[in-house]
Amino acid sequence: MAGVGFRRLAQALRSRRSCGVSLSLSGCRAGSSMGKDTLPGPYVKTPEERAAAAAKYNMTIHDYKPYDDNGDGTGDYPHLPDRSQHERDPWYTWDHPDLRRNWGEPMHWNFDMYIRTRVDTSPTVLPWRKMNKQLWGFLGFMLVLFILGENFKSYTPVLPKQYPYNGLYIEKGGDPEKQPEEEKHYEI
Amino acid sequence: MADWKKASLSTQPITLDPNEYFNTSPEFRRQQKDRLAMQANLKRQYQLQLNNPHRTQLIEDPALNRWVYARNHTLEHFRPTLRTSLLGILYGVVPLCAIFYALKRDRWLRSGSQHW
């Protein structure tokens, strides 16, 4: 009874492995099912390499297009269309409905930017130029008015504030012995 | 949306794409067929794993692993070019110097020195 339990425990410990994601991050390959030829590699140059890379990423050969080789470090990762998940069909039965993505589908390099809580590239309701004109037109108009208002101020005339006790003569550091001159604030 | 015009940040609605209606070339259709076949195969693999009553663990997604690996191993394929060097300076050196100067200037002003 105890022997059976011990064997089952040993079996469970042996077969359990951590999720593949953490394994590729740490570099430990012992239990991972991904080998060197299934992981991204350097930039592809020959057509055979392209075909192999397209098959690796589960893409058709005419869809596969790597990022330009300008030293950014993308390697042979495909440059998928820069469309956000907002644009995908909401009624199709995706494997992961919140991400609108199927299992095994190649992920965009900026996938975490294109999820539904972030950047949205879907077509706008109004034409872009009209929106631009409205926004900058309004802001420019308000800016001009504020600048004019700042430079050409207009308000009812006011005098400087009048304080009691001879204009706070003592509080402002005047000599208590001396008698200050009387200030007249009115004319009759 | 009949007066929709192409713009850099707003994509074309799929209903206004002429390819959707007029592209009947066999090449285009063959490409669509290949794409759909591949997607159907992946769907099948996922469904087999999902509905397998003997499965006890998470379904590992190789596409996710490749994405994470690619994003974390950019240094292997990095090459210092003019563009990458300028970007490095723009993102690394300029903010550092700007913040350093801003804080120092604030201190000089507070202490009353004429250095700034």
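How far apart do the end C-alpha atoms of residues 85-103 of chain B lie, and how much of the span is helix or strand? They lie 26 Å apart, and the span is 100% helix and 0% strand. Some notes on this and other points follow.

1. Ground rules. This is a predicted model, in which local features need pLDDT of at least 70 and side-chain atom pairs count only at pLDDT 80 or more, while totals for chains, interfaces and linings use all residues. Residues are numbered from 1 along each chain as its sequence is written, chains are lettered from A and ligands numbered from 1 in the order in which they are written, and side-chain values use heavy atoms, with hydrogens and water left out.

2. The annotated span. UniProt, in an unreviewed entry, places the feature "transmembrane region" at residues 85-103 of chain B. Its positions are given in the numbering used here, feature names are shortened, and annotations may be inferred rather than shown by experiment. Helix α4 of chain B covers residues 82-111; helices here are DSSP runs (H or I, at least four residues), strands are E runs of at least two, and both are numbered from the N terminus.

3. The surface of that helix. A nonpolar patch is formed by B:L82, B:L86, B:I89, B:L90, B:Y91, B:V93 and B:V94, with about 730 Å² of accessible area together. Patches take residues with over 30% relative accessible area and no salt bridge; nonpolar side chains (Val, Leu, Ile, Met, Phe, Trp, Tyr) are joined within 5 Å, like charges within 9 Å. One member, B:Y91, lies in helix α4 and counts as exposed because its relative accessibility is 64%. The classes are buried (under 20% relative accessible area), exposed (over 50%) and partly exposed in between, with a 1.4 Å probe and protein chains only.

4. Domains of chain B. The chain is divided into domain 1 (9-78) and domain 2 (79-116), with bounds from an automatic or database domain assignment. Taken over C-alpha atoms, the centres of the two domains are 44 Å apart.

5. Chain A overall. You will find five helices and zero strands here, in the order α-α-α-α-α from the N terminus. Of the 188 residues, 25% are buried. Chain A exposes about 14200 Å², with carbon and sulfur atoms supplying 59% of it; areas come from the Shrake-Rupley method with a 1.4 Å probe, and for residues only the protein chains shown count as cover. Among contacts (heavy atoms within 4.5 Å) with a separation of 6 or more in chain A, 36% are between residues 24 or more positions apart.

6. Salt bridges between the chains. B:R35 is partly exposed at 26% relative accessibility, as is A:D63 at 29%. Another salt bridge links A:D69 and B:R79 at 3.1 Å, N to O. A:D69 sits in the loop between α3 and α4 of chain A and B:R79 in the loop between α3 (62-72) and α4 of chain B, so this pair also joins two chains. A:D69 is partly exposed at 38%, and B:R79 is partly exposed at 36%.

7. A salt bridge within chain A. The side chains of A:K153 and A:E150 meet at 3.8 Å, N to O. A:K153 is exposed, with a relative accessible area of 53%, and A:E150 counts as exposed at 51%.

Definitions and conventions: A salt bridge is a side-chain nitrogen of Lys or Arg within 4 Å of a carboxyl oxygen of Asp or Glu.
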